[in-house]
Amino acid sequence: MFSVLKANLNRLFKNRFFIAGCFLAAAITWYFVTNAETILGPHYHEKAGAMQLISIGVIMFVSIFAPIFQSTEYTNGVIRNKIAMGKKQSEIYAAHYITMLVVAAAIIISWLIGGIIAGVSVNAWLITYTVKLFISMIAYSSFMTFIGMRFRKVVTSATLGILAVQGGFSSIIVIFMVASRNFGTFMGTVFSYIGNALAIGRWFSNSQLCDPGCNLNIVLTLVVSLVMAVIYYVIGSYRIDKRDLA
């Protein structure tokens, strides 16, 4: 797997889309945070809050980049060549998941740099939020690897990635609304956890766009994200070595 991962990372750091994405993540964050009052209104002057909001770009970039990058495994017989060299599809799948974690980490670092340049203070809040953001991407990277490595046509996987973001926005509002109206009950707890099981939901709760009661602490965020990452990984890699690529 390590040779496949090394090849993936070499290709990643030469990918113009990825490099441009990192620069744009920093530039857009800087611009958004610097001009928060102009963009969001005169009442919105907290740079930290603006930085929270623009962190949605991390999810959006991975949603677009993952299927495009991973679909190249199925073009020009690339994956067949790797299998012919003795690599298993499960190894290739694992390497791509780790690669997507690297992508998420790089975009988060770029977002962080842009915010700091814009004047956001480096304090306990920023460190905690950054850690929670990466924790959230552990599960989402697993989900996007599942889509990118199971749906071999780039148009299909890219469409599903975009729909995941759009559908997430629509559903999470309802989920957290139910949770907030049932705090202190079993239903409220269940819906709160369901919401935080989704990447968009964790962004909503971490960015305080929903009732504060829906926001999980960093330990619970990690547990939920790891559980979802395992679920997506198991589903995506199930019997993948027996898959016919014809």
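Colleague: Where does arginine 239 sit?

Modeller: In this predicted model, arginine 239 falls in the segment after α12 (218-237).

Colleague: What is the phi of arginine 239?

Modeller: Phi of arginine 239 is near 55 degrees. That is a positive value, in a residue other than glycine.

Colleague: On to α8 and α12. Why are these two helices called roughly parallel?

Modeller: Helix α8 (residues 124-150) and α12 pack at an angle of about 10 degrees. Angles under 35 degrees count as roughly parallel. So α8 and α12 are roughly parallel to each other. Their axes are 8 Å apart.

Colleague: Which residues of α8 and α12 meet?

Modeller: Among them are Val131, Ile135, Ile138, Phe143 and Phe146 in α8. From α12 the set includes Leu222, Leu226, Met228, Tyr232 and Ile235. The residues of this contact between α8 and α12 divide into 14 nonpolar, 7 polar and 2 charged.

Colleague: Which residues make the contact of α9 with α11?

Modeller: Val165, Gly168, Phe169, Ile172, Ile173 and Phe176 come from α9. Ile200, Gly201, Trp203, Phe204 and Ser205 come from α11. The division is 8 nonpolar, 3 polar and no charged.

Colleague: How do you know that α11 is mostly covered?

Modeller: Count its buried residues: 8 of 8. Arg202 and Asn206 are among the buried ones. The cover includes α4 (47-54), α5 (56-71), α8, α9, α10 (186-196) and α12.

Colleague: Why does tyrosine 129 count as buried?

Modeller: Tyrosine 129 lies in helix α8. Its relative accessibility is 4%. Buried means under 20%, so tyrosine 129 qualifies. Leaving aside neighbours within four places in sequence, tyrosine 129 is in contact with Gln52, Ser55, Trp111, Trp203, Asn206 and Ser207.

Colleague: How far apart are tyrosine 129 and glutamine 52?

Modeller: They are 77 residues apart in sequence. In space they are 8.2 Å apart, C-alpha to C-alpha.

Colleague: What makes threonine 29 buried?

Modeller: Threonine 29 has 3% relative accessibility, under the 20% limit, so threonine 29 counts as buried. Its place is in helix α2 (residues 16-34). Not counting residues up to four places away in sequence, threonine 29 touches Leu24, Met51, Ile54, Trp111, Gly114 and Gly115.

Colleague: Which residues touch the most other members of the largest nonpolar core?

Modeller: Ile59, Val103 and Tyr140 do, in a core of 66 residues. Beyond its neighbours within four places in sequence, tyrosine 140 has contacts including Ile59, Val62, Ala164, Val165 and Ala199.

How values were computed:
Residues are numbered from 1 along each chain as its sequence is written. This is a predicted model: local features need pLDDT of at least 70, side-chain atom pairs count only at pLDDT 80 or more; totals for chains, interfaces and linings use all residues. Side-chain values use heavy atoms; hydrogens and water are left out. Helices (H or I, at least four residues) and strands (E, at least two) are DSSP runs, numbered from the N terminus. Contact means heavy atoms within 4.5 Å. Ala, Val, Leu, Ile, Met, Phe, Trp, Tyr, Cys and Pro count as nonpolar, Asp, Glu, Lys and Arg as charged, and the others, Gly among them, as polar. Axes are lines fitted to C-alpha atoms, for helices over the stretch in contact, and angles run from 0 to 180 degrees between N-to-C directions. Angles under 35 degrees count as roughly parallel, over 145 as roughly antiparallel, 65 to 115 as roughly perpendicular and the rest as oblique. Buried means under 20% relative accessible area, exposed over 50%, partly exposed in between (1.4 Å probe, protein chains only). A nonpolar core is a set of buried Ala, Val, Leu, Ile, Met, Phe, Trp, Tyr and Cys residues joined through side-chain atoms within 4.5 Å.
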